[in-house]
Structure formats: structure tokens, C-alpha cells
Amino acid sequence: MSNLTATNQQVLDFQAQLEAQDTSFPMLSVLNNDGQIVDEEALKRADLSDEDFVNIIKRMLLSRQLDIRSTKLAKQGRFGFFAPTAGQEASQMASSYAFNDDDWLMPGYRDIPEIVVKGWPIWKAILWSRGHALGNEFTTEEGKPVNAWMPQIIIGAQYVEAAGIALGLKKRNKDAVAYAYTGDGGTSQGDFYEGMNFAGAYKANAVFFAQNNGYAISTPRSLQTAATHLAAKGWAAGLPSIVVDGNDPIAVYLAAKEARAWATSGKGPVFIETLTDRLEPHSTAGDDPLRYRTQADIDAWWQKEPLIRMRKFMTEKGIWSEEQESSYIDEVNALIDEQIKIADKVDKQKISNFIKHTLEVPGQAMTEQISKFESEGK
């Protein structure tokens with residue numbers, strides 16, 4: 001057999017290709033688990049002030065309290081569907097800090113906190129979980145539009161929605177992006193690929209996040225795909241794709257900030273994989289994580305969760321304290337108490353309401369049904 005040229009030998013070296021995938025995606029890291037800066041230049045590039053750090057940790061604490069309180073309400077039967085967020089505070093809240101009110105958020109069902117910090121009242125989030133129509137009104141308390149769409153239940157579909165909005169922003173020459181989140185399970189869905197491919201082909205103003213939290217419900221990431229890094233999937237669509245320490249708020253913010261600047265400059269979308277962990281069940285709908293992972297694994301991740309390192313960093317910096325945190329948590333819980341009362345006072349939906357909301361213009365049969373149920377007070 002004749003010897004292959006060096007180029008052909010390289011092309012046909014399948015093992016080398018697998019090994020190259022493993023080394024092609026180094027992880028962006030700025031703040032380590034001990035709260036120490038590991039890259040001073042990256043910290044400078046993030047350009048975060050002390051006020052920014054305080055705002056970010058407050059966002060993270062708001063998310064944690066929403067998680068705690070929502071879980072309790074769900075156990076009491078006072079909440080609808082809820083997907084816990086503990087462990088993903090940096091991935092969600094630090095990344096969203098890089099975007100502004102003009103940017104459009106396309107969330108998944110685990111991304112309620114990102115909508116709330118855009119101005120969506122918590123009481124509407126509670127109603128959304130209960131399936132109430134008012135939970136799909138994305139406005140502030142003052143009636144100002146919130147640039148977000150409903151949390152997507154169809155896994156990965158928010159990527160397609162983001163691609164369309166991102167192209168619209170580009171065609172209108174807007175200094176804005178559409179940004180979307182999904183989990184590691186979402187990267188195995190067709191909509192995930194289609195959304196990135198469309199946005200990439202048209203160089204649309206989009207930033208895509210895959211929060212690699214370890215499990216797609218009960219399926220570990222290692223079993224759902226042979227890809228060493230989920231970020232590699234972005235390359236297939238021609239997107240710059242990176243891996244970030246998802247428990248590092250500074251690194252996540254820096255990645256999101258740089259990606260937004262790239263996308264708004266007309267260069268096209270960016271794909272960001274954040275490595276984090278889902279510390280609690282997939283949802284409050286009966287999931288038991290101990291059926292597919294160990295308590296020791298969960299406990300180990302609790303020692304690496306993002307609030308710990310951010311708290312250490314800011315305390316050492318002299319801009320945060322236990323007293324400040326306790327006071328802010330009390331403030332958040334008082335707000336949540338107030339928002340629960342508002343949600344509980346909203347009139348419950350009737351059968352006639354559901355029919356009215358099915359179509360913009362009800363047909364004859366539906367109009368008759370609405371009249372019938374309204375006459376019965378239903």
C-alpha cells in the first residue's frame with residue numbers, strides 16, 4: 001500500500017480529530033472557587049465597578065430567594081409548574097447583566113429570573129406558572145413593554161424565536177440583540193440547530209447560551225451526546241463558540257458582554273456554553289434527582305456554587321458583608337410576600353375565559369359556547 005501524503009494522513013486520522021475536540025475549547029475563567037481572581041487582565045476587560053458587583057450579587061440573591069420561595073409554594077399547592085434554578089445564578093443573572101432593555105430575551109422555562117430583572121413583576125411570573133392568561137402579559141407594573149417572550153416549554157424552540165427576532169433587529173439596524181437560553185438537553189433538539197444555523201447564515205444579532213447543568217431531566221450529559229463540549233455544536237453553524245465557567249459570575253458576564261458587542265457589530269451570532277450544575281430537581285413535578293445521581297455529587301457541587309465564590313470575592317474586596325446580604329434577603333422576601341398577595345387576589349379564570357383566549361376571533365361554535373358558559377357564571 002502506498003504511503004499517504006501528510007495532508008491525507010491528517011484527514012484520515014479519526015482519533016486525532018476526537019482528541020482535537022477535547023483541546024479546542026479551553027474554559028474562560030476569571031474568579032476561582034476560593035473567590036480569587038485568576039486573570040487580572042480579564043477582570044479589567046470586564047470593566048465592572050464596585051456598584052456593578054453589588055448589582056450582580058443582588059441579582060443572584062434575588063434568583064436564589066425566588067427559587068426557595070417558589071419551591072415552598074409549589075409544595076403547598078400554591079404554585080404551578082416550577083423549574084428550580086439553584087446553582088445557575090451566575091450563568092443566568094451575571095450573563096443577563098450584560099444586556100439592556102432594548103435587547104430581546106427568549107427564555108426557557110428555567111429562566112424566569114432573567115425576565116424578572118428585565119422588569120416583569122413577580123406576581124405575573126406566579127400567574128404564568130399557574131397557567132393564567134395575565135401571566136403572558138410581558139409588561140412592567142407601569143405598563144411598559146418588557147422585551148421578552150413567554151418561557152418556552154418546547155425544548156430549544158426559543159433558539160428559533162431568537163433567530164427571527166435577531167434578523168429583524170439586524171435589518172432595522174438596531175443596536176440590540178436577541179439572546180436565548182437552553183439547557184444541555186436542548187442542544188440535542190432540532191430547533192437548537194435550526195435556530196443557530198439560520199442566525200449564522202444571515203449574521204443576525206443573536207447570542208445563544210447553553211447552560212450545561214449536567215442533566216437533561218434524568219439523562220446525564222455524557223449519555224445524550226458524544227460531543228466532548230457542547231460548544232463544538234456551534235461550529236457546525238459557523239458561530240464563534242466558547243466554554244465558560246458557569247459558576248464564575250465575572251467570566252460569564254465578560255463572555256456575554258463580548259458576545260453582544262460582536263453580534264451588534266454585524267459579525268453574526270455567538271454561542272456560549274456555561275458549565276454549571278443543577279443543584280435541585282429538574283422540576284417540582286415529581287422529579288427525584290437521587291434516582292439518577294448521588295447525594296455525594298450534589299453535595300460536592302453545593303461547595304462550588306456561584307454565590308460562595310462571589311461572596312468571598314466581594315467580602316475580601318470590602319464591598320459586601322453578611323449584614324448587607326441579610327438585609328437584602330429580608331427586602332427580597334418582603335417583596336415576594338407582597339407579590340404573592342397580588343397574584344392570589346387576581347380573579348381565577350373561568351371556562352369562558354379559556355375559550356375566549358383560544359383564538360383572536362372566536363368562531364360561531366365557540367361564540368355560542370362562550371355565551372352558554374357566561375350565562376352559567378362559568
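Let me start with a definition: buried means under 20% relative accessible area, exposed means over 50%, and partly exposed is in between, with a 1.4 Å probe and protein chains only. Hello everyone, and a word on the model before the tour. This is a predicted model, where local features need pLDDT of at least 70 and side-chain atom pairs count only at pLDDT 80 or more, while totals for chains, interfaces and linings use all residues. Residues are numbered from 1 along each chain as its sequence is written, and side-chain values use heavy atoms, with hydrogens and water left out.

Let's go to the salt bridges. The rule asks for a side-chain nitrogen of Lys or Arg within 4 Å of a carboxyl oxygen of Asp or Glu. By that rule, the count is 19 salt bridges.

One of the bridges joins the side chains of Arg78 and Asp344, at 3.3 Å from N to O. Arg78 sits in the loop between α4 (50–75) and α5 (89–96) and Asp344 in helix α15 (residues 322–345), so this pair ties together parts that are 266 residues apart in sequence. For those labels, helices (H or I, at least four residues) and strands (E, at least two) are DSSP runs, numbered from the N terminus. Arg78 is partly exposed at 35% relative accessible area, and Asp344 is partly exposed too, at 37%.

Next, Arg293 and Asp277 meet through their side chains in a salt bridge of 3.1 Å, N to O. Both residues lie in the loop between β8 (270–275) and α13 (295–302), so here the parts tied together are 16 residues apart in sequence. Buried or exposed, Arg293 and Asp277? Both are buried.

Then there is Glu376 with Lys378, a salt bridge whose closest N and O atoms are 3.6 Å apart. Glu376 is partly exposed at 39% relative accessibility, and Lys378 is partly exposed at 40%.

Asp248 lies in the loop between β7 (241–245) and α12 (249–267). Asp248 is buried yet has no salt bridge. Which side chain of opposite charge is nearest to Asp248? That is Arg309, 4.7 Å away; in this count Lys and Arg are positive and Asp and Glu negative, with His and the chain ends not counted. The side chain of Asp248 does reach the backbone nitrogen of Ala251, at 3.1 Å. Leaving out residues up to four places away in sequence, Asp248 touches Ser29, Val30, Leu31, Ala90 and Arg309, where contact means heavy atoms within 4.5 Å.

Asn173 has a phi near 55°, a positive value in a residue other than glycine. Asn173 is in the loop between α8 (157–171) and β3 (178–183), and counts as exposed at 71% relative accessibility. Ile217 also has a positive phi near 55°; its place is the loop between β5 (215–216) and β6 (219–220), and Ile217 is partly exposed at 43% relative accessible area.

Finally, have a look at Phe14. Phe14 is in helix α2 (residues 14–23) and is exposed, at 57% relative accessible area. Thanks, and I'm happy to take questions.

Notes: Polar contact = N/O pair within 3.5 Å; in protein donor to acceptor, adjacent residues only side chain to side chain.
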